Structures are given as structure tokens and as C-alpha cells.
Amino acid sequence: MRIREYEHYIRDLLELDDIQELRKTHAHGRRDRFVHNYAVGKLAYRLARLLNGNATIAARAGFLHDWYHGHRPERKRFSFSGSDQHHFRISHEAAANYGEHTEVLHAIRTHFWPWGRVAPKSREAWAVWMADNLVWVVDYWQSAKISLRHGYQNFMYGEVSQ
Ligand SMILES: [Fe+2]
Ligand SMILES: [Fe+2]
């Protein structure tokens, strides 16, 4: 079963308190950060397999790519004016502290390219970059559908829903 295979590669990460905290904050629209990271990791994992890349690296980098945004005040030193334009640096630092492989770190560091200036240089990093850009579109699409279904006044933002 493919989902179980993907989860096999991120099992230790799923048990981290800081990862579970992601369920409480928004990513894009009404989708929470855990759902976003999980989806990016899963798609990056599949893309890496298609591209004959390293699926473990893609799965872990995809799952950790947005580990930290500006919602953790103690990690805001890279941010300016509350912007999240440096969130890839914060997530990279957190993953490095956790002991992730350099290839995982590279994919996290470059997932926001062209922001951050460093372009993806590996198949796994490109898999994460592609997955993130596809998934955030899906996030907003799903958020719009939820809003329509429930008749929410605010089309894109509000409480986190499934
Ligand atoms: Fe990101
Ligand atoms: Fe993302």
C-alpha cells in the first residue's frame, strides 16, 4: 500500500510534538499546515519514484519543507515585518538540528525558489518544488470548495476545516 510506504519514511517525524502542532495553524486558505506538508511529502515521494530519484529524501524533505513559518516567535529572526519570505531558512535550520541528510536539507532550502536565490539541483529537490507548487493550488481550491459548501462569507480564510 503506497500511503503506508510513504508514512514508513516519515514515521519518526509524525510523532514529534512540533509536527502535530502544525494541525492548529493555517497553510493556504482553510487547509492546515499539517495537511499541506503531508500532501507535499506524499506527492514529492511519488514524483521521486517516477524520476528514479531517492524516494526517502523526497518524502522527508517534502514533509518538512514548511516545518516552520512565522508562527513560532522564537524563530522569527529571519523574518522581516512578519513576512514568511524566509520560512525555508527556518525550516532548513530546524531540519538540520534534527539531523536530516544534506540532500533533504537542500530540497527544503530550495523549495521556495526563485525566492532564496538557490535553485534546486537534485531530482528530489525538484520533486519537492513541483509538489509544493501543485499542492498550494489544490489547497486554495479545496478551501474555496469548503467555503461554498458551508456558505462561509469569507471565501478563503477562516477556521481550519477538512
Ligand atoms: Fe514553503
Ligand atoms: Fe509549502
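This is a predicted model: local features need pLDDT of at least 70, side-chain atom pairs count only at pLDDT 80 or more; totals for chains, interfaces and linings use all residues.
Helix 4 and helix 7 cross in a right-handed sense. On the side of helix 4 the contact is made by I57, A58, A61 and G62, and on the side of helix 7 by E124, A127, V128 and A131. Sorted by class, the residues of this contact are 6 nonpolar, 1 polar and 1 charged. An α-helix has 3.6 residues a turn, so residues three or four places apart point the same way.

The pair belongs to a chain whose secondary structure consists of 7 helices and 0 strands. Read from the N terminus, the order of elements is α-α-α-α-α-α-α. The chain has 162 residues, and 43% of them are buried. Among contacts with a separation of 6 or more, 53% join residues 24 or more positions apart.

In soluble globular proteins, nonpolar side chains tend to be buried together. Here the largest nonpolar core has 37 residues, and the members that touch the most others are A44, A58, A61 and V128. At least two core residues come from each of helix 1 (2–14), helix 3 (33–50), helix 4 (55–64), helix 5 (87–98), helix 6 (102–110) and helix 7 (123–150). Helix 3 is the one that gives the most, with 9 residues.

Apart from neighbours within four places in sequence, A44 is in contact with A58, A59, A61, G62, A127, V128 and A131. Of these, A58, A61 and G62 also take part in the contact from helix 4, as do A127, V128 and A131 from helix 7. A58, A61 and V128 are, with A44, the core residues that touch the most other members.

Helix 6 is left to consider. How many of its 9 residues are buried? Helix 6 is mostly covered, the number of buried residues being 8. They are E103, V104, L105, H106, A107, I108, R109 and T110. What lies over these buried residues includes helix 4, helix 5 and helix 7.

Terms used:
Residues are numbered from 1 along each chain as its sequence is written. Chains are lettered from A and ligands numbered from 1 in the order in which they are written. Helices (H or I, at least four residues) and strands (E, at least two) are DSSP runs, numbered from the N terminus. A residue is buried if 20 or more other C-beta atoms lie within 10 Å of its own, exposed if 12 or fewer, and partly exposed in between; C-beta atoms are placed from the backbone. Two residues are in contact if their C-beta atoms, placed from the backbone, lie within 7 Å. A nonpolar core is a set of buried Ala, Val, Leu, Ile, Met, Phe, Trp, Tyr and Cys residues joined through C-beta atoms within 7 Å. A crossing is left-handed if the near helix is turned anticlockwise from the far one by less than a right angle, and right-handed if clockwise. Ala, Val, Leu, Ile, Met, Phe, Trp, Tyr, Cys and Pro count as nonpolar, Asp, Glu, Lys and Arg as charged, and the others, Gly among them, as polar.
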